[in-house]
Amino acid sequence: MTSQPLLEVIACSVIDAVAAARGGAGRLEVISHFEVGGLTPDIRIVEEILRAVRIPIRVMLRESPNFLAESGTERLHLLEMARRLGQLPVEGFVLGFLRDGEVNEDSLAELLGCAPHLHVTFHRAFEEVRSVTRAMAALKRHTQVDRILTSGGAGEWTVKAEKLAGIERLSKPQIELLCGGGLDEKGIGIVRAATRIKEFHVGRLARTPAEIDGAVDAEKVHALAGLIGALNPDESRK
């Protein structure tokens, strides 16, 4: 599996989604509660975004700010949302559940079974695992998982890029890395130069002001997509 350059933008609303598509984003991550790293959005927002844009969307499945899915109520909500999303033309889910520092494969398998045709991004819970090697092996056992979102962990971007290159070697050929988490233009340049990663995920960086309560700015998205060579010609600048 070889990906083409792609910019994924966080969208919390239809307005965000339309601006990201106009700017040339190649995919959206649709969430609510950006202030806690993203939670499951309202299904009505997902439906409205699907009507408003043509680019692929992946939807966050996460009911609480931690990376657990242990409570009965939370589990039922996640399963219901997964089933409902499976009936919509979304590209996939964004999720990441751990148990004692390991990938929670039981929760993962249960949710994937609700929509076996959808792809999955395992999000930055990956940075909390005890062993990258074990986590990668666990995720590869679930063929719907085709992306891992990670910043590479702590440190400057030169350090992160070195870590990302190592993770990328472990991920091939089944899984592509999606680099995101505190990205700036300098970080994108460093990662592009030091790794084969072609997909980048941005939140604040695509907003004006560059804060969680800022609005997605089509001009910023356009500049970022151009930086990584990933303008979407079907949507950009409409």
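## Before you start

What you're looking at is a predicted model, in which local features need pLDDT of at least 70 and side-chain atom pairs count only at pLDDT 80 or more, while totals for chains, interfaces and linings use all residues. Residues are numbered from 1 along each chain as its sequence is written, and side-chain values use heavy atoms, leaving out hydrogens and water.

## The barrel

Let's begin with the strands (DSSP runs of E, at least two residues; helices are runs of H or I, at least four, and both are numbered from the N terminus). Eight of them close into a barrel with parallel pairing, in the order 1-2-3-4-7-8-9-10. On average, neighbouring strands here are turned by 25° against each other, ignoring direction.

How many bridges join strand 1 to strand 10? There are four, between residues 6–11 and residues 199–202, and the two strands run parallel. Two strands pair if DSSP finds at least two bridges between them. In this stretch, Leu6 stands opposite Glu199 of strand 10.

## A helix on the strands

Helix 4 (residues 105–112) lies across strand 4 (92–95), strand 7 (119–122) and strand 8 (145–150), and runs at about 160° to strand 4. Axes are lines fitted to C-alpha atoms, for helices over the stretch in contact, and angles run from 0 to 180 degrees between N-to-C directions.

Now for helix 1 (residues 14–23) and helix 8 (residues 218–227): their axes come within 7 Å and cross at roughly 40°. That's why the pair counts as oblique (under 35 degrees is roughly parallel, over 145 roughly antiparallel, 65 to 115 roughly perpendicular, and the rest oblique).

Which residues make the contact? Helix 1 brings Ala19, Ala20, Arg22 and Gly23, and helix 8 brings Ala218, Val221, His222 and Ala225. Contact means heavy atoms within 4.5 Å.

## Two residues up close

Ile49 sits in helix 2 (residues 43–52). Its relative accessibility is 0%, so Ile49 counts as buried (under 20% relative accessible area; exposed is over 50%, partly exposed in between, with a 1.4 Å probe and protein chains only). Beyond residues up to four places away in sequence, Ile49 touches Ser13, Val14, Ala17, Leu28, Val30 and Ile57.

His123 is in the loop between strand 7 and helix 5 (132–140). Is His123 buried or exposed? With 5% relative accessibility, His123 counts as buried. Leaving aside neighbours within four places in sequence, the contacts of His123 include Met60, Arg62 and Phe67.
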